[in-house]
Amino acid sequence: MTVSPDDPRSAYAQVADDLRQRIATGVVKAGQRLDGNAKLAEQYGVAAMTVRHALDILRDEGLIVSQQGRGTFVANDPPGEEASPRDQQMADELTEIKAALELINSRLDRLEHQVRDRA
């Protein structure tokens with residue numbers, strides 16, 4: 001796919017939309033490494049900076065992740081997919097931890113007020 005100059009969308013939006021569609025349809029699968037910026041730029045007929053901007057958009061959307069020195073990969077859990085039981089368990093545990101911390105903070109605030117009142 002090359003970027004169309006007749007398309008009203010910017011070049012980076014066209015690249016992002018095409019990659020988004022390839023991820024959504026499974027052409028590019030979860031965990032799969034994307035081609036490097038230079039190769040993607042060549043494939044789409046755009047500058048490497050345009051590809052970088054498109055990838056920034058997809059990264060912000062949670063569709064891809066980049067690992068220093070390894071490359072850019074399709075996220076294993078793209079947004080919109082149902083959470084695995086393990087992910088749900090971790091989310092539940094984090095909720096419990098948050099509630100416990102709020103309780104501890106509340107008790108700490110009360111103790112600090114009591115100490116201040118006695119002083």
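**Figure 1. Overall fold of the protein chain.** The protein chain holds four helices and two strands, these being DSSP runs (helices H or I, at least four residues; strands E, at least two) numbered from the N terminus. In order from the N terminus, the elements are α-α-α-β-β-α. The model is predicted: local features need pLDDT of at least 70, side-chain atom pairs count only at pLDDT 80 or more, and totals for chains, interfaces and linings use all residues. Residues are numbered from 1 along each chain as its sequence is written, and side-chain values use heavy atoms, with hydrogens and water left out. The C-alpha trace spans about 75 × 35 × 30 Å along its principal axes. The radius of gyration of the protein chain is 23 Å, whereas a compact globule of 119 residues would have one near 14 Å; the radius is taken over C-alpha atoms, and the globule rule is 2.2 Å times the number of residues to the power 0.38.

**Figure 2. The largest nonpolar core.** This core has 18 residues, and Val-15, Tyr-44 and Leu-55 have the most contacts inside it. At least two of its residues come from each of α1 (11-24), α2 (37-44) and α3 (48-60). A nonpolar core is a set of buried Ala, Val, Leu, Ile, Met, Phe, Trp, Tyr and Cys residues joined through side-chain atoms within 4.5 Å. Buried means under 20% relative accessible area, exposed over 50%, and partly exposed in between (1.4 Å probe, protein chains only). Of the 119 residues in the protein chain, 23% are buried.

Figure 3. Leu-40, Ala-41 and Tyr-44 are the buried residues in α2. Seen down the helix axis, the buried residues of α2 fall within an arc of 105 degrees, so they line one face of the helix; the arc is that of the directions from the helix axis to the C-beta atoms. Ala-38 and Glu-42, on the other side of α2, are exposed. The cover over the buried residues includes α1 and α3. After α2 comes Gly-45, with a positive phi near 70 degrees.

**Figure 4. Surroundings of Tyr-44.** Beyond its neighbours within four places in sequence, Tyr-44 is in contact (heavy atoms within 4.5 Å) with Met-1, Thr-2, Val-3, Val-15, Asp-18, Leu-19 and Arg-22.

Figure 5. Ile-64 has Val-74 in β2 as its bridge partner. Three residues lie between the strands of the hairpin, and Gly-69 in the turn has a positive phi of about 80 degrees.

Note on methods
Two strands pair if DSSP finds at least two bridges between them.
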